[in-house]
Amino acid sequence: MRHHLVKATLIAGAALATLAACGTETRERTGSGDTKAAVPAPPEKRPVQGLPGMPPVLDPQDVYAADRPNKLSPVVKDFPSRVYVPNTESDTVSVIDPKTYEIIDTIPVGRQPQHVVPSWDMKTLWVNNNRGHTLTPIDPKTGKAGKEVEVHDPYNLYFTPNGKYAVVMASLDRELVFRDPHTMKEVKTEPVSCFGVNHADFSADGKYFIVSCEFSGELLKVDTEKMKVVGQQKLPFTGAMPQDVKISPDGKKFYIADMMADGMWVLDGKTFGKPELLPTGKGCHGLYISRDSREMYVSNRGEGSVSVFDFTRNKLTKKWHLPDGGSPDMGGVSADGKVLWLSGRYDGEVYAIDTRTGTQLARIPVGSGPHGLAVYPQPGRYSLGHTGIFR
């Protein structure tokens with residue numbers, strides 16, 4: 001009898017322990033001691049050995065884990081929410097209040113501003129005045145522009161994941177110029193043999209980055225620490241014009257928009273082998289990740305549409321067409337993830353698109369030739385550049 005009581009007590013205790021575990025289970029729990037759990041424990045997350053000095057990767061399965069809705073860094077949490085639009089032919093930056101969809105300021109800058117780029121420490125927005133050969137700093141706290149800094153041929157601008165260098169995409173100079181991220185003083189220049197270096201993204205560990213060469217239809221692989229090109233290939237499409245570059249959340253693939261191939265190239269960055277083409281729409285141009293890391297918004301500039309790519313299902317699931325057409329180009333996602341902002345490159349306007357329904361919320365007239373607009377602030381711990389790649 002005593003044996004049966006002891007056995008019953010042990011069974012009851014085990015049941016209570018199981019209930020307690022279910023009540024306290026979290027997404028991060030490994031379940032190593034919970035061998036009979038009904039739901040299999042998630043795979044162990046091995047830490048990523050990143051580039052020296054780089055902030056540790058939060059989630060090896062999701063490089064965008066720091067970019068959740070409204071998860072603003074203490075550095076930017078008090079900055080007013082704005083959309084900064086560089087107008088390449090007006091030599092100005094239009095500043096939009098995203099709540100009212102109205103232009104609240106117009107900032108004169110240098111010749112042919114291409115992109116508005118958040119600095120690695122997220123304290124400054126750099127306007128890339130491509131033909132003016134300068135960078136104009138904007139204080140996102142006050143919205144005021146500072147003194148221009150001389151930098152030759154700054155078509156686009158990136159920052160190494162450890163914050164050690166700024167990387168200027170000198171498109172016409174055919175150079176990658178590594179500079180001090182604050183003073184912009186030149187540290188090293190890496191000449192390239194391709195034409196039109198313009199966009200890039202970094203591997204999950206930050207040790208290399210993939211660069212698109214627009215005018216020669218090529219891709220580069222660059223060693224971050226050595227500041228050296230270690231790979232180069234021609235895209236397998238006659239007349240290819242690669243544009244924006246984005247890494248997948250799991251860090252296994254790079255997607256490269258191609259406005260002439262009308263789709264995205266899917267590349268294994270590690271092997272740097274031959275990529276495959278995934279058609280999206282005419283004039284495939286900009287790539288932007290949703291706040292939950294599940295989808296990617298793809299702007300098709302040549303047909304006035306946005307394709308939606310599902311990472312989990314590995315396919316396109318939706319296509320949104322702008323009413324009355326348009327030329328959706330570069331932009332970003334709002335801090336709460338609810339609105340996709342894109343410039344209308346050839347229509348002198350900016351589009352605000354609902355990311356849940358694809359509905360156009362606003363169509364705002366700006367200057368001539370609006371290009372790489374930045375939505376700011378955005379979630380994340382640091383910026384890798386362009387119009388806002390945050391980790």
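## Strands and the chain as a whole

A strand here is a DSSP run of type E with at least two residues, and strands are numbered from the N terminus. This is a predicted model. By that rule, P377 is found in the segment after strand 29, which covers residues 374-376. The protein chain contains 29 strands and one helix.

The protein chain has 391 residues, and 55% of them count as buried.

In soluble globular proteins, nonpolar side chains tend to be buried together. In this model, the largest nonpolar core is made of 26 residues, and F254, M264 and M296 have the most contacts inside it. Several strands each give at least two residues to this core: strand 14, strand 17 (242-247), strand 18 (254-258), strand 19 (263-267), strand 21 (284-289) and strand 22 (295-300). Strand 18 contributes the most, with four residues.

F254 shows what such a position looks like in detail. With neighbours up to four places away in sequence left out, F254 still contacts a list of residues that includes D201, F202, Y208, I210, V245, I247, W265 and L267. A second core is separate and has 22 residues, among them L51, Y158, L176 and C194.

## The disulfide

How many disulfides are there in the model? The count is one. The disulfide runs between C194 and C213, with an S to S distance of 2.1 Å. The angle about the S-S bond is -50 degrees, and the link of C194 and C213 is left-handed. The two cysteines are 19 residues apart and belong to distant parts of the chain: C194 is in the loop between strand 12 (186-191) and strand 13 (197-202), and C213 is in strand 14 (residues 208-213).

## Aromatic rings and charges

The model holds 11 aromatic pairs. In the pair of F202 and F209, the ring centres are 4.7 Å apart and the planes meet at 40 degrees, so this pair is tilted. The cut-offs explain the label: planes under 30 degrees apart would be stacked, and planes over 60 degrees apart would be edge-to-face. F202 is buried, with a relative accessible area of 0%, and F209 is buried at 1%. Elsewhere, one aromatic cluster is formed by F79, Y376 and F390.

The charged end of R174 is placed over the ring of F195, 3.8 Å from the ring centre. K221 lies over the face of Y208, and here the distance to the ring centre is 4.4 Å.

## Backbone details

Y376, a member of the aromatic cluster with F79 and F390, is joined to P377 by a cis peptide bond with omega of about 0 degrees.

Two residues other than glycine have a positive phi. M122 has a phi near 70 degrees and is placed in the loop between strand 4 (113-118) and strand 5 (125-129). M122 counts as buried, because its relative accessibility is 0%. H386 is not a glycine either, and its phi is positive at about 55 degrees. H386 belongs to the segment after strand 29. It is buried too, with a relative accessible area of 0%.

## A loop residue: T359

Where does T359 lie? T359 is in the loop between strand 27 (349-354) and strand 28 (360-365). Its relative accessibility is 42%, so T359 counts as partly exposed. That label applies because 42% falls between the 20% limit for buried and the 50% limit for exposed.

Leaving out residues up to four places away in sequence, T359 touches A352, I353 and D354. T359 and L322 are 37 residues apart in sequence, and their C-alpha atoms are 8.0 Å apart in space.

Conventions:
Residues are numbered from 1 along each chain as its sequence is written. This is a predicted model: local features need pLDDT of at least 70, side-chain atom pairs count only at pLDDT 80 or more; totals for chains, interfaces and linings use all residues. Side-chain values use heavy atoms; hydrogens and water are left out. Rings of Phe, Tyr and Trp (its six-membered ring) pair if their centres lie within 6.5 Å; planes under 30 degrees apart count as stacked, over 60 as edge-to-face and the rest as tilted. Buried means under 20% relative accessible area, exposed over 50%, partly exposed in between (1.4 Å probe, protein chains only). A charge sits over a ring if NZ of Lys or CZ of Arg is within 6 Å of the ring centre and within 35 degrees of the ring normal. Contact means heavy atoms within 4.5 Å. A disulfide is a pair of cysteine sulfur atoms within 2.5 Å. A nonpolar core is a set of buried Ala, Val, Leu, Ile, Met, Phe, Trp, Tyr and Cys residues joined through side-chain atoms within 4.5 Å.
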